[in-house]
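Please keep the structure in view while reading.

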Amino acid sequence: MSKVTQVSHPLILHKLAYVRDKNTGSKYFRELVEEISMLMAYEVTRNFDTEEVEIETPICKTKCKMLAGKKTAIVPILRAGLGMVDGMLRIIPAAKVGHIGLYRDEKTLQPVEYFCKLPQDIAERDVIVVDPMLATGGSAADAITMLKKRGAINIRLVCLIGSPEGIKYITEAHPDVDVYIASIDEKLNENGYIVPGLGDAGDRLFGTK
């Protein structure tokens with residue numbers, strides 16, 4: 001069964017308040033999303049495997065822990081997920097980056113695929129799917145389905161904010177995928193937007209309407 005982890009560190013909550021503020025401009029919004037993603041990466045990677053290695057300090061030889069096992073792939077859901085990639089890469093610089101393009105049909109609220117480009121060895125990597133918003137959960141669920149069809153096995157989903165409806169949907173659709181989220185908001189409104197939310201993350205990241 002999926003594990004849902006709310007990453008409610010004070011620094012994340014502080015920065016998230018500015019992200020929500022309608023008066024925050026695109027430049028500062030992008031910087032904040034990157035910073036929050038970097039902070040969340042610390043929690044997301046908490047259970048990564050390590051192995052003991054021997055190194056030599058300026059004083060003597062000693063044994064230390066380093067990351068072991070699978071390598072990592074970061075997969076943003078386009079376009080808003082792009083805002084989270086650089087923050088993740090600052091913590092996991094060796095990760096490869098894939099891209100999944102989905103958009104939501106405004107009438108049916110269902111996701112439609114238009115692009116998918118992934119590392120060739122995606123099946124051998126720990127995959128971190130990133131998207132600032134988990135609203136209905138449909139886009140995230142479809143993106144994860146696309147990854148599984150292409151061989152991905154160990155998948156985590158990382159979002160800034162989500163609705164209870166979206167979390168329920170994703171955990172039922174993919175009970176093997178753990179979810180990391182900074183804030184679980186109140187609900188979805190009649191248009192499928194998160195309340196109180198932060199508006200359209202893609203528009204606010206890239207200054208579009």
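## Helix H2

In this predicted model, the buried residues of H2 are Phe29, Leu32, Val33, Ile36, Ser37, Met40, Ala41 and Val44. They pack against several elements. Three of these are helices: H1, H3 (82-91) and H6. The others are strands: S8 (125-130), S10 and S11.

H2 has 19 residues. From first C-alpha to last, H2 reaches 26 Å. That is close to the 27 Å expected at 1.5 Å a residue.

## Helix H1

H1 covers residues 10-20. Its buried residues are Ile12, Lys15, Leu16 and Val19. Seen down the axis of H1, they fall within an arc of 110°, so they line one face of the helix.

What do the buried residues of H1 pack against? Their partners are helix H2 (26-44), strand S10 (155-162), strand S11 (178-184) and helix H6 (201-206). For the buried residues of H2, the partners include H1, S10, S11 and H6.

Side chains of opposite charge can pair when their charged atoms come close. The count of salt bridges comes to 12. One of them joins Glu31 and Lys27, with the closest N and O atoms 2.7 Å apart. The two residues lie 4 residues apart in helix H2, so about one helical turn separates them.

Is Lys27 buried or exposed? Lys27 is exposed, at a relative accessible area of 56%. Glu31 is partly exposed, at 34% relative accessible area.

## Salt bridges between distant parts of the chain

Lys63 and Glu52 meet through their side chains in a salt bridge, at 3.9 Å from N to O. This pair links distant parts of the chain. Lys63 sits in strand S3 (residues 61-67) and Glu52 in strand S2 (residues 50-56), 11 residues apart. Lys63 is exposed, with a relative accessible area of 55%.

Glu113 forms a salt bridge with Arg150. Their closest N and O atoms are 3.9 Å apart. Glu113 is partly exposed, with a relative accessible area of 45%. Arg150 also counts as partly exposed, at 39% relative accessibility.

Definitions and conventions:
Residues numbered from 1 in each chain as written. Predicted model: local features only at pLDDT ≥ 70, side-chain atom pairs only at ≥ 80, totals over all residues. Heavy atoms only, no water. Buried < 20%, exposed > 50% of the residue type's maximum accessible area, 1.4 Å probe, protein only. Arc of directions from axis to C-beta. Contact = heavy atoms within 4.5 Å. Expected span 1.5 Å × (residues − 1). Salt bridge = Lys/Arg side-chain N within 4 Å of Asp/Glu carboxyl O.
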